[in-house]
Amino acid sequence: MVGNDLPGALSGIRVVELAGEASAFAGQMLAGMGAEVIVVEPPGGHHTRSFEPFLGDEPGPGRSLWWWHYNSSKLGVTLDLEDEADQSRFRSLADTADVVLESERPGRLADLGIDHDVLRAEHTELIWVSLTPFGRTGPRSQEESIDLTVLAAGGPAWSCGYDDHAIPPQRGGGNQGYHTGSVFAVLSVQTALLVREQTGQGQFVDVNMHAAVNVTTEFASAEWLVAGQEVQRQTGRHAAVHPTTFVRALATDGIDVHTGFPPTKSKDFAVVLDWLTDLGLRDQFEEAFFLEIGAEREEPLHLSMVGQDAEATAIFGAGRDAVRFIAENVTAYDFFIGAQDRGLAVGIIYSPEEVLADPHFKERGFPVEVEHEDLGRSFTYLGAPYIAPKSPFRIRHRAPHVGEHNQILETLT
């Protein structure tokens, strides 16, 4: 077990998850929140067990790090859903569950006689959450989709890329489309559980992944739908109709940093001035005068003023330039810590390995060690995505081997 001994927010809740690429993250999140998640695979194991990367870069049974990550804290059973006897076992297993989670092709489970309408008729408290590319019904319900097409058709890919529009939009890595759909699924589970406490009834929830990613595009969809304008992708900052100021800087140790959102309030301008002074850089920054004016303003600056009000534009630009000037004159970590100490949000552009090694992330418990007793050692995992001391998220154990917990099926009547 990894983490403290307090129960998670979903302790006591049983989730039956049909193994699937799109819904795996949702199941992992629910398991991390304390639910007992039983992932159901076909005999021989789900095909995602063959996904790279592999332990030691060597393919083989039980060596998929993809499987390890997305199925940590879960129990594992095997059922052939095409077999009538195993269909009966699945019905019995679902009858013990609070939640069924799946991302099957619309129509498949209905064809097998084990879809939500059948099982929930017998178990009215059951919550059934389905992740589909375009929803269970409608003209696009049968269209095939992968994470890339979810991001592209949903809209985020248009907003992701660099200032040089000679290159195409960039796909966000790490299964972001599936992750977004999974986050909506987890929120749906939590909401449905709260409703069930009040009504005693479960419900069916169909998460449309394309819709989920589309409503997370921030400015892009709203600008197009409301104003009829297209946002333009920009390096390291939100896409916008009009280009905004560059935010990346190179620190003295050759590491890129992100200078964050610029000062807009008087106290922030004062903080930046003091920071320049502490570093002995104030006299070298030619626009310090505008920072002094910003520090004396009673009203904060708004982005709407930029380009419209000459003084506000000059102050806003000086704030941005001052933070970049500081970044270019210190090491990346000194810049990060200095900004954190002063209440300014900035970041270091890290590789994954550097994230896990960073003292800030270590202190918050992000990297955790998970024991693999079958391999005789532990491995470093990504830990809690949030901190909730009274209902902690934690990785309780490694991902299951194929059919490792089939004894659960033997207890079903």
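The expected span of a helix is 1.5 Å times one less than its number of residues. Keep that rule in hand as we look at this predicted model.

Helix 8 covers residues 176-199, and its 24 residues should span 34 Å at 1.5 Å a residue; the end C-alpha atoms are 34 Å apart, so the two values agree. After helix 8 comes G200, with a positive phi near 80 degrees.

Another glycine with a positive phi is G376, near 70 degrees, in the hairpin of strand 12 and strand 13, where 4 residues lie between the strands. These two strands run antiparallel and are joined by 6 bridges, with E369 opposite T380 of strand 13. In a regular strand the side chains alternate between the two faces of the sheet. Strand 12 has V368, V370 and H372 on its covered face, while P367, E369 and E371 make up the uncovered one.

Now to the rings. The count of aromatic pairs comes to 10, and two of them are set out here:

| Pair | Centre to centre | Angle between planes | Type |
|---|---|---|---|
| F51 and W66 | 5.2 Å | 75 degrees | edge-to-face |
| Y333 and F336 | 6.0 Å | 50 degrees | tilted |

F51 sits in the loop between strand 2 and helix 2, and W66 in helix 2, 15 residues apart, so this pair links distant parts of the chain. W66 is buried, at 10% relative accessible area. F25, F51, W66 and Y70 form one aromatic cluster.

Y333 and F336 both belong to helix 14, 3 residues apart, or about one turn. F336 is buried at 9% relative accessible area, whereas Y333 is partly exposed at 29%.

Finally, R233 lies over the face of W158, at 5.4 Å from the ring centre.

Definitions and conventions:
Residues numbered from 1 in each chain as written. Heavy atoms only, no water. Buried < 20%, exposed > 50% of the residue type's maximum accessible area, 1.4 Å probe, protein only. Pairing = 2+ DSSP bridges. Phe/Tyr/Trp six-rings, centres within 6.5 Å; stacked < 30°, edge-to-face > 60°. Lys NZ or Arg CZ within 6 Å of the ring centre and 35° of its normal.
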